[in-house]
Each structure stands twice: as C-alpha cells, then as structure tokens.
Amino acid sequence: NSKIVRSDEELQESLLIWQDYAFSQGITAVFDAHVGYFGYPSIKAYVDVSKAGKLKLRTYAVRTVHDTDDVLELAELASKVNNEYFNITGIKVFVDGVVEAHTAWLLDEYYDQPGYFGVKSFSDHDKLVEFAKLANEHNMNVHCHTVGDGAIEFALDALSEAQIATGNMGQRNAFAHLQIVAPEDIKRMSEYNVIAVVPPLWTPKEEPQYKLELEYLGPDRDDNCYPIKSFIDEGAKITFHSDYPVSPVMSMPQSIYAAVKRKHTLRECEPRNLKESIGVMDALKAMTINTAYQFGQEDHLGSLEIGKVANMVVYDTDFLNDDIEKIPDAKLISTIVDGEVVFSNNV
C-alpha cells in the first residue's frame with residue numbers, strides 16, 4: 001500500500017511547468033476536474049503558488065465528494081482559499097463510467113450483453129439532491145461525470161428537484177462527456193440551465209475505442225454519439241473539454257475543426273454523427289464566453305471588451321474567414337494574460 005509522495009516544492013514546480021505548457025497551447029484559463037484527487041495536496045500547491053504571485057493561469061476547480069460532510073468541508077475550504085487565480089467553484093460526482101470499459105450507465109441494455117445496463121457509480125437520488133442544495137447554499141455548483149443516458153437521466157432528475165426546491169435555476173451545474181443522451185434530456189438540460197461540457201475531439205470514428213463502442217452500443221446508438229448541435233438548438237450552453245491529461249491532446253484549433261467536421265487530423269479517422277456538426281463561431285464561444293459563464297466569470301473574462309481582463313491569444317489563421325482545412329495547422333503566435341505576453345512563438 002505504499003504511495004508516491006510529492007513534496008510541496010515538487011507540486012509547486014509541476015504546476016508552474018503545467019502553466020507554461022498551457023500558455024504554449026494558447027490556453028489562458030483552465031478547469032481542473034480532479035483537484036486534490038488521489039490524495040495529492042494540489043489545492044495547497046495552487047494556493048501556495050498563487051500567494052507567491054506566480055500563478056497566472058486562472059484555474060477553476062471542483063473536487064469529488066462522497067457525503068454531505070465532504071461538501072461542507074469543500075465549501076469551507078473555498079471560502080478561505082479562493083482568489084483571482086485559483087477558485088474552487090463546486091463539487092464533482094462520478095455518476096457512471098465509460099462505454100469502452102462497459103461501465104457507462106445506459107437506459108437500454110448493452111448491445112453485446114443483453115440484460116446489462118452498465119455501472120451506477122453514484123445512484124443515491126436523495127443524496128445528490130442534498131448535495132445540490134448544499135452547494136447552492138454556498139454559491140457552488142455541481143459537476144457530474146455523465147457518459148450514458150441512464151446517468152444523465154438520473155442526475156437531471158436529482159438536480160432539477162434541487163433547483164425547484166431552492167428556486168435557483170441559475171446554479172450553473174454541468175454534465176461532462178455526454179456520449180449517449182436522450183433527446184428529451186437534451187431539452188431538459190436547457191430548461192434547467194445545465195451546461196453541456198462536450199468533447200469534440202472524441203467524436204470521430206477513431207480506433208481502438210470506436211471498435212469497442214460499436215460492439216458495445218450497436219450501430220444505431222453509436223451513430224448518434226456525442227451530440228453538440230442539438231444542445232445549441234434547444235438553447236443549452238455548451239463548453240468544450242479536452243479531458244487532458246487523461247486524454248493526450250489539448251488543442252484549440254483541433255477542437256474547433258473537430259466540432260465542425262466531426263473528425264480531427266491528428267490520426268487517421270472518419271467523421272461520426274455529422275448532423276451534430278456546428279459552426280466555427282459556436283465552437284469559439286464554447287471555448288471563450290460560454291466557459292466564462294460556466295464559472296460565473298462572464299463579466300470578467302471570455303471576450304474582448306472594455307473593463308474585462310486582457311487575456312487573449314493570437315494565431316496566424318483567421319478562424320472565421322479562412323478555409324476550414326487551414327484551422328488544424330493554425331500556428332500560435334502569442335498568448336497574453338493580464339495584458340502581458342506569457343508565450344511568444346516566432347512563426
């Protein structure tokens with residue numbers, strides 16, 4: 001049962017290395033969906049680095065909770081440590097797993113395993129309602145890992161009940177991944193202001209996971225994976241995620257291209273579910289102003305306006321007017337944070 005233990009100094013150094021890498025990828029703010037995960041004292045590292053004036057990569061974070069004491073403890077911690085550059089915004093709940101591991105929670109049985117519906121990683125309705133109410137009391141939100149339509153239906157039932165009870169329809173809860181979503185739940189997510197955190201880079205028919213997904217879901221469900229346009233059509237807000245470093249790629253140009261073409265150019269792959277393709281402008285919003293909205297920062301970040309923070313990136317490509325096929329090869333020229341150039345590339 002031995003564990004790898006990192007010193008405070010090592011954790012601070014790793015955060016600064018990560019910050020430099022994010023800036024080199026044109027990222028000026030991030031969401032950490034696993035802060036403090038696996039027992040690492042990463043919250044302390046964020047706070048130490050920010051107090052030292054070295055954290056410039058604005059970081060919004062959630063931590064996984066298992067009971068009400070966890071929620072209250074995190075809310076108390078947030079009240080003490082939140083600052084301009086590090087902000088605990090809510091709690092996280094893993095509702096299910098993933099399709100390729102046979103652990104996504106589905107409404108209909110797995111295609112290859114009749115009678116099996118996946119894993120309900122979290123299935124206590126009353127507890128999730130209580131989590132959401134407590135989070136609301138402390139100006140926090142609920143971030144749910146939801147891959148399958150069973151998980152999404154369950155989480156929506158609980159969070160909508162909590163929102164009706166509190167009267168707060170603007171809590172800005174979010175569901176991430178959203179591989180299989182029932183049309184009626186896409187509509188409900190819009191009605192209850194649940195933000196759809198979608199992964200454009202996961203949409204293509206890409207091996208080896210596509211072969212497993214097709215085998216486990218069957219062709220009809222697999223062809224309808226990863227809705228994006230449907231959320232927009234129903235009026236829901238979308239934001240993009242890369243799931244880095246669990247998924248190895250973090251690229252704004254590739255994410256934009258994948259949202260439009262439902263494929264990327266990193267490896268050989270074919271598009272999937274092209275009816276869910278969106279336009280470049282909607283893709284840009286999903287990585288800028290919509291993301292700022294998710295964290296309650298839309299009056300502070302997310303667009304170039306007088307009075308907002310001077311965070312911006314400059315590419316050699318006009319995403320809105322150049323040919324779409326140029327976007328994957330767009331070169332980053334500079335990243336600017338608080339009006340200061342934090343990364344420069346001689347293109």
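**Exercise 1. Describe how helix H5 packs against helix H6.**

Step 1. The axes of H5 (residues 149–166) and H6 (residues 183–191) come within 10 Å and cross at roughly 30°. Axes are lines fitted to C-alpha atoms over the stretch in contact, with angles from 0 to 180 degrees between N-to-C directions. Helices are DSSP runs of H or I with at least four residues, and strands are E runs of at least two, numbered from the N terminus.

Step 2. The crossing of H5 and H6 is left-handed (the near helix is turned anticlockwise from the far one by less than a right angle).

Step 3. On H5, the contact is made by Asp-149, Ile-152, Glu-153, Leu-156, Asp-157 and Ser-160; on H6, by Asp-185, Arg-188 and Met-189. Contact means heavy atoms within 4.5 Å.

The model is predicted: local features need pLDDT of at least 70, side-chain atom pairs pLDDT 80 or more, while totals for chains, interfaces and linings use all residues. Residues are numbered from 1 along each chain as its sequence is written, and side-chain values use heavy atoms, without hydrogens and water.

**Exercise 2. Describe the overall build of the protein chain.**

Step 1. Count the elements: the chain has twelve helices and ten strands.

Step 2. Take the dimensions: the C-alpha atoms fill a box of roughly 55 × 50 × 45 Å along the principal axes.

Step 3. Check burial: 50% of the 347 residues are buried (under 20% relative accessible area, 1.4 Å probe, protein chains only).

Step 4. Sort the contacts: among those with a separation of 6 or more, 70% join residues 24 or more positions apart.
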